[in-house]
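Student: Before we use any labels for this chain, I would like to know what each label rests on. Can we go through them in turn?

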Amino acid sequence: MAADWLRSKGCRILARNFRGPRKGEVDIIARDDRLLLFVEVKTRREGTRIRPLDAVNKSKQALIERGANAWLKQLGTRDLPWRFDVIEVYAEDGMKPRVHHVKDAF
């Protein structure tokens, strides 16, 4: 669902569930024009007190950063502009999920 949401905003999805060596991982790698996005997706039930963003702690950020570095190494360049985003998905039974895009999350 998050990938479809990004597509609807004009992004091109390059990879989903990317796993690099050394346990690096990125949920979605996308391109927004020239900007490369490394996106973590977190889902929570609507009305919970803890934001999905709060689940992206330092340990999780390190996994995402290792995955991003592996992707950039595959590309053979680090000269592209890039950032780390989090897509928060709020779900409630019988309702359409609500999406919140946190740009430059960490």
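Tutor: Start with what counts as an element: helices are DSSP runs of H or I with at least four residues, and strands are runs of E with at least two. The model is a predicted one. By that definition the protein chain has two helices and five strands.

Student: In what order do the elements run from the N terminus on?

Tutor: The order is α-β-β-β-α-β-β.

Student: What makes the protein chain as compact as a globular protein of that length?

Tutor: The globule rule gives 13 Å for 106 residues, and the radius of gyration is 14 Å, which is close to it, so the chain is called as compact as a globular protein of that length. Along the principal axes, the C-alpha atoms fill a box of roughly 45 × 30 × 20 Å.

Student: How do you know that the span of helix α2 agrees with its number of residues?

Tutor: Helix α2 covers residues 58-75, which is 18 residues, and at 1.5 Å a residue these should span 26 Å. The end C-alpha atoms are 25 Å apart, so the two values agree.

Student: Which residues of α2 are called buried?

Tutor: The label requires under 20% relative accessible area. In α2 the residues that qualify are Lys-60, Gln-61, Leu-63, Ile-64, Gly-67, Ala-68, Ala-70, Trp-71 and Leu-72. In the whole protein chain, 42% of the 106 residues count as buried.

Student: What covers the buried residues of α2?

Tutor: The cover includes β1 (12-19), β2 (25-32), β3 (35-45) and β4 (82-91).

How values were computed:
Residues numbered from 1 in each chain as written. Predicted model: local features only at pLDDT ≥ 70, side-chain atom pairs only at ≥ 80, totals over all residues. Heavy atoms only, no water. Rg over C-alpha atoms; globule rule 2.2 N^0.38 Å. Buried < 20%, exposed > 50% of the residue type's maximum accessible area, 1.4 Å probe, protein only. Expected span 1.5 Å × (residues − 1). Contact = heavy atoms within 4.5 Å.
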